[in-house]
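User: I am new to this structure and would like to learn how its aromatic rings and side-chain contacts can be read. Could you take me through some cases?

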Amino acid sequence: MKIKFAKPKVDTKVLKVIKNVINSGIFVHGKFTKKFEDNLEKYFNKKNKIISTSSCTAAMHLFYLSIGLKKGDEVIVSAQTHVATAHAVEICGAKPVFVDCELNTGNISINEIEKKVTKKTKCIAVTHFLGKPANMIEIIKIAKKHKLKILEDTALSIGSKIKNKFSGTFGDAGAFSFHPVKIITTGEGGALILKNKKYYNHCKSVRSFGYDVSDPNKRKIPGNYDVNKLGLNYRISEIESIIGISQLKDIEKKILIRSQNYNFLLKSLKNIKYLKILNSSSNKDYKSSYYSMNIILKSKSREYRNKFIIKLKELGIQSSIYYPHPVPLLKYYKNKYKYKKKEFPNASRIAYNSFSLPVGPHIKKKDIIYMIKSIKNILNTK
């Protein structure tokens, strides 16, 4: 049996539309990118403006550029996140200041945030870990108290909610990923959701080289433009947008299947004494997008965790690690800022002693039964 961690399913009907785009020769700045952005805005209740991007990293970077993040500034970042969350800060010349996570959820530790706020702090970057939203209610209180911006890294959590309000819409901006392993995919790509019109216009221009009129179709003289800002090429393509339009249609169905798979796994694994299941579940106030099931082994040996993953692989089960190191302990950040493991005990516990199982729509009941059986067999040979 071969169980992949992710296996994105794309409706083959898009092939006809893609063929038409190929024949048209319009691969960027076309009607499908606009439609994808419009459909995303509709999904998020049209209360915010959305810019599609080439990746989630690009989306985060654009936001930081729009607020003028610069050398000497600081951004509070969860230690338990993808390195891109910190890289987007670092690339602006600013400093990511890392905060440990909650051991129960993997989300940023609310109690630790305020301890790291200084006069240099400009923003809090909040990662909604593995689908379960962080406590935005309390984070907003801290941000307002210290007059800080909030960027939500919602790469793994599109569709998740707090009290029926979407993650990504609480702060000043929300960044999304459409990488192939995510809830929905465009192949590669991302999006930025913004409340502030000034930031929106800035990001839209910078996304396309800093053009004064970023949409070529709106230029009075074809091919004629000026450049108002230092810009980048962070655009998504028409082909990616076509895939995104198709994927977005059944996003709620995808999340429902994920929740069913997650809860089936949870029912069979939650009482095994050698395991701790990271809390990515929904409750009355928090709706998860169920990105994956994260299992923390009671053994605190990283070697044991790694051997466990290899055994799963030998049995045809592809797992993953979210993430293999707390970001401040990755070589680049560790060498530059001299962080120590003892500063991030919860993030270290999750990073070095856990693995993630797939719960995506490609996973069938027989796959779940096989994963459960395999895990129990591995534990019995411990």
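Analyst: What follows is a reading of ring pairs, charges over rings and one threonine, all in a predicted model.

User: How many aromatic pairs are there, and how is a pair such as Phe44 and Phe176 classed?

Analyst: Planes under 30 degrees apart count as stacked and those over 60 as edge-to-face, with the rest called tilted. The count comes to 23 aromatic pairs. Phe44 and Phe176 have ring centres 5.2 Å apart and planes at 40°, so this pair is tilted. The two residues lie 132 residues apart and link distant parts of the chain, with Phe44 in the loop between helix 2 (31–43) and strand 1 (49–53) and Phe176 in strand 8 (residues 173–177). Both Phe44 and Phe176 are buried. Phe63 and Tyr64 form another tilted pair, at 5.9 Å between centres and 50° between planes.

User: Which residues do ring pairs link into a cluster, and which residue lies over the face of Tyr352?

Analyst: The cluster is made of Phe98, Tyr332, Tyr333, Tyr337, Tyr339 and Phe344. Over the face of Tyr352 lies Arg302, at 3.8 Å from the ring centre, while Lys161 lies over the face of Phe166 at 4.6 Å.

User: Is Thr105 buried or exposed, and what does its side chain reach?

Analyst: Buried means under 20% relative accessible area. Thr105 has 8%, so it is buried. Its side chain reaches the backbone nitrogen of Asn107 at 3.1 Å, and it also makes a polar contact with the side chain of Glu102 at 2.5 Å.

Notes
Residues are numbered from 1 along each chain as its sequence is written. This is a predicted model: local features need pLDDT of at least 70, side-chain atom pairs count only at pLDDT 80 or more; totals for chains, interfaces and linings use all residues. Side-chain values use heavy atoms; hydrogens and water are left out. Rings of Phe, Tyr and Trp (its six-membered ring) pair if their centres lie within 6.5 Å; planes under 30 degrees apart count as stacked, over 60 as edge-to-face and the rest as tilted. Helices (H or I, at least four residues) and strands (E, at least two) are DSSP runs, numbered from the N terminus. Buried means under 20% relative accessible area, exposed over 50%, partly exposed in between (1.4 Å probe, protein chains only). A charge sits over a ring if NZ of Lys or CZ of Arg is within 6 Å of the ring centre and within 35 degrees of the ring normal. A polar contact is a pair of N or O atoms within 3.5 Å; within protein, one must be able to donate a hydrogen and the other to accept it, and residues adjacent in sequence count only if both atoms are side-chain atoms.
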